[in-house]
Amino acid sequence: MAQTTRSAEQIFRALTAGRFPQTILLTGETGSGKTALANRLAAALLCTGDAPRPCGVCGACRKLAHDVHPDLTILDEGDADIKVDRARALRSEIAVRPNDGERRVVIVLGAHHMNPSAQNALLKTLEEPPDYAFFILTSDKPGLLLPTILSRCTKYELAPAAAADEPDEALVALAKPIVGALGMGDEISLLRASMALEKQPRPTQRALLLLLRTAVRDALFASSGLSGRLLPALSGETAALARAVDAERLLRLSGFLVTLGDRLDVNAASAATSSALTAGAFTICYAP
């Protein structure tokens, strides 16, 4: 049931073009985009709008943007063990039919952190999931998962970040005017471009901030005369940013985008995120 190594965009297209497996496992090294892809897939499954999904405007997408969708459960214990009581609680939760739509989605980040008892507790549900239930597991150490768990998953391996030569076209389209406005030092254009975040579900906002960090990384490489761009579709914009903003400020900008992502994870409003992106990024790049 394993699939060949692909970019996140290729996997997203493959999964949303046909019948979605009820249990998938996303593997790949740190930084390959597993979490962003898991969130985007969950949004596509729960979206009730017109294709392409997620639409970003339906009621389900708006709830996802504010982290209040009742039919999405994200299990993320960081680097701590996921113990059997948490797996049992998850099993009980998935037995309840969806509240809002036709599906219930569970994301388990770092699934290899489930101890053997937890994996066995979840196994029965993975073997015979309710027809409305979908599981998305991520792991950079799939060898720590029990063979019985692996046998129930359709596995997709993400290409390393440096090899992912097909970035998400929709995210690139959102990032392009933001990076371009920063490179031109145009605060009004930056504000207009950043306002597009307000119409996107929370998973897309997270993914966009990650993409912007990658663009800043490319600008740093350009300013240092290094090769190896990760976003060739934004090469013109990142080159302009490198010419306009020195390396020290670009490093500060990268750190600011991390902070902004952390704020997003504690329920910052979409409008606050877009205004903070405009004010913070412009100040870092151009304030005396």
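These legends accompany several close-up views of a predicted model.

Let us begin with strand β1, which spans residues 23–27 and is mostly covered, with 5 of its 5 residues buried. Thr23, Leu25 and Thr27 point one way from the strand, while Ile24 and Leu26 point the other way. In a regular strand, side chains alternate between the two faces of the sheet. Here the residues pointing either way from β1 are all buried. Strand β4, residues 133–139, pairs with β1 in the parallel sense over 5 bridges. To find your place in that pairing, look for Leu25, which stands opposite Leu137 of β4. Strand β5, residues 154–157, also pairs with β1 in the parallel sense, over 4 bridges. A handy landmark there is Leu26, whose bridge partner in β5 is Tyr156.

In soluble globular proteins, nonpolar side chains tend to be buried together. The largest nonpolar core of this model has 38 residues. Ile178, Leu208, Leu212, Leu250, Leu253, Phe256 and Leu277 have the most contacts inside this core. At least two core residues come from each of the helices α7 (169–184), α8 (187–194), α9 (202–223), α10 (235–244), α11 (247–264) and α12 (270–286). Helix α9 gives the most, with 9 residues. For a closer look, centre on Leu253: beyond its neighbours within four places in sequence, Leu253 is in contact with Leu182, Val216, Ala281, Ile284 and Cys285.

**View C. His113 in a loop.**
His113 lies in the loop between β3 (104–108) and α5 (116–127). The side chains of His113 and His112 are joined by a polar contact of 3.4 Å. If residues up to four places away in sequence are set aside, His113 touches Gly78, Asp79, Ala80, Asp81 and Ile82.

**View D. Aromatic pairs.**
The model has 2 aromatic pairs. Phe20 and Phe134 form an edge-to-face pair, at 5.9 Å centre to centre and with 80° between the planes. This pair links distant parts of the chain: Phe20 sits in the loop between α1 (8–17) and β1, Phe134 is in strand β4, and the two are 114 residues apart. Phe20 counts as buried at 10% relative accessibility, and Phe134 is buried too, with a relative accessible area of 7%. The pair of Phe282 and Tyr286 is tilted, at 5.1 Å centre to centre and with 40° between the planes. These two residues are separated by about one helical turn because they are 4 residues apart in helix α12. Phe282 counts as buried at 17% relative accessibility, whereas Tyr286 is partly exposed, with a relative accessible area of 27%.

**View E. Arginines over phenylalanine rings.**
Two sites are worth a visit here. At one site, the charged end of Arg40 sits over the ring of Phe12, 3.5 Å from the ring centre.

**View F. Thr278 on helix α12.**
Thr278 is found in helix α12 and is buried, with a relative accessible area of 6%. Which residue does the side chain of Thr278 meet in a polar contact? The partner is the side chain of Ser194, at 3.3 Å. Leaving aside neighbours within four places in sequence, Thr278 is in contact with Glu187, Leu190, Leu191 and Ser194.

**View G. Val57, an exposed loop residue.**
Our last stop is Val57, in the loop between α2 (34–46) and α3 (59–65). Val57 is exposed, with a relative accessible area of 55%. Val57 and Leu260 are 203 residues apart in sequence and 22 Å apart in space, C-alpha to C-alpha.

How values were computed
Residues are numbered from 1 along each chain as its sequence is written. This is a predicted model: local features need pLDDT of at least 70, side-chain atom pairs count only at pLDDT 80 or more; totals for chains, interfaces and linings use all residues. Side-chain values use heavy atoms; hydrogens and water are left out. Buried means under 20% relative accessible area, exposed over 50%, partly exposed in between (1.4 Å probe, protein chains only). Two strands pair if DSSP finds at least two bridges between them. A nonpolar core is a set of buried Ala, Val, Leu, Ile, Met, Phe, Trp, Tyr and Cys residues joined through side-chain atoms within 4.5 Å. Contact means heavy atoms within 4.5 Å. A polar contact is a pair of N or O atoms within 3.5 Å; within protein, one must be able to donate a hydrogen and the other to accept it, and residues adjacent in sequence count only if both atoms are side-chain atoms. Rings of Phe, Tyr and Trp (its six-membered ring) pair if their centres lie within 6.5 Å; planes under 30 degrees apart count as stacked, over 60 as edge-to-face and the rest as tilted. A charge sits over a ring if NZ of Lys or CZ of Arg is within 6 Å of the ring centre and within 35 degrees of the ring normal.
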